[in-house]
Amino acid sequence: MKLSYSQYRTFIQCPRLYNYQATKTPPPAKSSEYFTLYGKLIEAFFRKYTNIYTKQGLILDNESIKKILKNLWEYILESSYVDWSEPWVNETSDQIFEDIYNDTLLNIKKFDFWKDAKSEISFEVLLKKSQDILSCRMDFIWKKPDGTIEILDGKGTSKMDKNVDIEQLLFYALMYLLRNKRLPDKLGFLYYRYQMIKYIDFDMNVVMAFKDKLALVKKAIKETTIFEPIVGLSKQCKWCAYRFGCDAYSAKKDANAEKRGSAIKTEYTGNILDL
């Protein structure tokens, strides 16, 4: 079997969704990609900036940066589904673009690792014992002049401490270890909106503990024949493209609605209340 980190995480969160994605089952309806637009554009720019422009020694002025972003933005808008009338849409396309443009300039000014880093690095590792394949795509591998290695994962979220997935970085550390016979020196999240890198604490014991958990999940995936959903009405369900056709999601919503309704129900006696 071939397993990426996103597949590992999806199986833990909802086996049914994992099965849909693994079998490439098309979703019954389009799901809004509004909240992914910021990340798509800023990541696309810094992929080109890191791998092409800095390696060619190009110095881009602000107008050149805006032009590059604009070309990328037009493609992203054309290839993404967004219903701009939906209630959670609180910024126009132009407003999002200006936010990204300003954050791009701030990140270029704040950090100088771009010229020493590589972006969007794809790894595949064949596990000899199981013949399974682990795959990943890392946002940045930064080989510093002193020879130390940092792996950074770019984040477009505005909720810096709420959506932290440390296991994602541990997966990358494990992949780097399997491929290079050594751990990276640092692992961190690059928060574009805040121009900040937050590093995590880890060592070989932490990575090996994650490796054991990964092995258990791989085993569970292979042994699972009925991929039951896990419903929590959380972020994973709220934005799932399959939610409206999911019986478990509908049942959970109905149960919650009934619970809320029963909490405010009062018995009507027919008397007029004196307010």
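**Helices, burial and a pocket**

This predicted model of the protein has 9 helices and 6 strands.

Visitor: What makes a run of residues count as one of the helices or strands?

Guide: A helix needs at least four residues, a strand at least two. Helix 1 covers residues 5–13, so it passes the helix cut-off. Strand 1 covers 2–4, so it passes the strand cut-off.

Visitor: What do the buried residues of helix 1 pack against?

Guide: They pack against strand 1 (2–4), helix 2 (15–22), strand 3 (133–143), helix 6 (166–180) and helix 7 (204–223). Contact means heavy atoms within 4.5 Å, so packing here rests on that cut-off.

Visitor: How do you know which residues line the second largest pocket?

Guide: A lining residue has an atom within 4 Å of a pocket point. The lining has 14 residues, so each of the 14 meets that limit. Leu127, Ser130, Lys211, Ala215 and Lys218 lie nearest the centre of this pocket. Its volume is about 250 Å³.

Visitor: Which helix gives the most to that lining?

Guide: Helix 7, with 7 residues. Helix 6 and helix 7 each supply at least two.

Visitor: What makes Lys211 a positive charge in the count?

Guide: Lys and Arg count as positive, so Lys211 does too. The protein has 43 positive and 36 negative charges, with mean positions 5 Å apart.

Key
Residues numbered from 1 in each chain as written. Predicted model: local features only at pLDDT ≥ 70, side-chain atom pairs only at ≥ 80, totals over all residues. Heavy atoms only, no water. Charge placed at Lys NZ, Arg CZ, Asp CG, Glu CD. Buried < 20%, exposed > 50% of the residue type's maximum accessible area, 1.4 Å probe, protein only. 1 Å grid on protein atoms, 1.4 Å probe; cavity = no way out; pocket = protein on both sides within 12 Å on 5 of 7 lines; lining within 4 Å. Points joined across faces, edges and corners; volume = space filled by probe spheres on them.
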